[in-house]
Amino acid sequence: MLYLPASNARAIEKARALPADVVILDLEDAVAPDAKAEARQAAVEAVKAGGFGQREVAIRVNGRDTEWGDADIAAAARSGADAILVPKVSSPDDVRHYDAALAGAPDATQLWAMVETCAAVPALDSIAALASETRLSLFVMGTNDLAKETGVELTEDRRYLAPFLFQLVMAARAGGISVLDGVSNDFRDLDAFGKGCREARSMGFDGKTLIHPAQIAPANAVFAPSSEAIAEAEAIVAAFADPENAGRGVISLNGRMVERLHLEMAQTLLERA
Ligand code: COA
Ligand code: MG
């Protein structure tokens, strides 16, 4: 999921052809105060103009506690964007507020929440639970803001951030929603970036948020199911489809125990692929 400042027309034009799954037109952190109104208009015009092909397009608005928040979400709700990404969600009340602000948006418009404040941490479960009764469908980790607020140092291996990352993944899964990892600021060191992506995948994240086109290929390489993983999933599906295994809860496949929970995992992987 690639961020770009909605005030950057050249980046918007490029994004229409880049192999990212989602384009985020940012009105928040990447846009200077003097450029907010212009960026808002540019984001809405970009969504209306289309040309993003299969990519989903989202607008990240300024928060409800800022002078731009209300105008942003009102404009974004009318834009026809696939999703509205809201920053600094810290309580169930925040989700309800933003969901209500999207009342007039098309049914398909989703609500995506940035998790990047200390206050959000103890409230994660109750925030995630709102996925069943609101448009909320995705958590996006905001590592830069969380580091700023907590003082947690952002080391390359993210060891001090890891407990929070795990908590976020668990809460997202419990609520049945997707979860994307935060950005990596260093867009020149792609080896370190690839390693960070593999760690994020191992932690359970569905994908990665990106700030630069150079990060797209390494992220896709890590988060897209590999051909080996697809072949293995197909073998599991085929094994359970074999009439000989009908009614069996557990089977042996190439020297490994495979249960029906692995069948479900294989089906999920194939859907994603
Ligand atoms: N989306 C689309 N295109 C982008 C892009 C992005 N996020 N970031 C850079 N590009 C384009 C540039 O326009 C440039 O295109 P060109 O050479 O055809 O003119 C090309 O990719 C190479 O860019 P580069 O010179 O390496 O970077 P830069 O110095 O122009 O920009 C940043 C660096 C960090 C300012 C820029 O990548 C950026 O704005 N990223 C997104 C920031 C953001 O949205 N943050 C909020 C979430 S944390
Ligand atoms: Mg932020």
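Modeller: A polar contact is a pair of N or O atoms within 3.5 Å; within protein, one must be able to donate a hydrogen and the other to accept it, and residues adjacent in sequence count only if both atoms are side-chain atoms. This is a predicted model: local features need pLDDT of at least 70, side-chain atom pairs need 80 or more, and totals for chains, interfaces and linings use all residues. Residues are numbered from 1 along each chain as its sequence is written, chains are lettered from A and ligands numbered from 1 in the order written, and side-chain values use heavy atoms, without hydrogens and water.

Biologist: What makes Asp26 and Ala30 a polar contact?

Modeller: A polar atom of the Asp26 side chain lies 3.0 Å from the backbone nitrogen of Ala30. The limit is 3.5 Å, so the pair falls within it.

Biologist: Why is Asp26 called buried?

Modeller: Its relative accessibility is 1%. Buried means under 20% relative accessible area, exposed over 50%, partly exposed in between (1.4 Å probe, protein chains only). Therefore Asp26 counts as buried.

Biologist: Where is Asp26, and which residues does it contact beyond four places in sequence?

Modeller: Asp26 is in strand β2; strands (E, at least two residues) and helices (H or I, at least four) are DSSP runs, numbered from the N terminus. Asp26 contacts Leu4, Pro5, Ala6, Val31 and Arg60, where contact means heavy atoms within 4.5 Å.

Biologist: How do you know which residues are protein donors of the magnesium ion (ligand 2)?

Modeller: Donors are N, O and S atoms within 2.8 Å of the metal (3.2 Å for Na, K and Ca); water is not among the atoms, so sites may look incomplete. Asp29 (OD), Glu116 (OE) and Asp145 (OD) lie 2.0 to 2.7 Å from the magnesium ion. Their spacing along the chain is D-x86-E-x28-D.

Biologist: What makes Asp29 and Glu116 a tie between separate parts of the chain?

Modeller: Asp29 is in the loop between β2 (22-26) and α2, and Glu116 is in the loop between β5 (110-115) and α5 (120-129), so the pair joins parts 87 residues apart in sequence. Glu116 has 2% relative accessibility, so it counts as buried.

Biologist: Which residues of α6 are buried, and what covers them?

Modeller: Thr143, Asp145, Leu146 and Ala147 are buried. Their cover includes β6 (136-141) and α7. Gly151 follows α6, with a positive phi near 85 degrees.

Biologist: Why are α2 and α3 called roughly parallel?

Modeller: The axes of α2 (residues 36-49) and α3 (residues 69-79) cross at roughly 10 degrees and come within 9 Å. Axes are lines fitted to C-alpha atoms, for helices over the stretch in contact, and angles run from 0 to 180 degrees between N-to-C directions. Under 35 degrees counts as roughly parallel, over 145 as roughly antiparallel, 65 to 115 as roughly perpendicular and the rest as oblique. So α2 is roughly parallel to α3.

Biologist: Which residues meet there?

Modeller: Arg40, Val44, Val47 and Lys48 in α2 meet Ala71, Asp72, Ala75, Arg78 and Ser79 in α3.

Biologist: Is Lys88 buried, exposed or partly exposed?

Modeller: Lys88 has a relative accessible area of 31%, so it is partly exposed. Lys88 sits in the loop between β4 (83-86) and α4 (92-101). Its phi is near 50 degrees, positive in a residue other than glycine.

Biologist: Why is Arg158 called buried?

Modeller: Its relative accessibility is 9%, so Arg158 counts as buried. Arg158 lies in the loop between α6 (143-150) and α7 (162-175).
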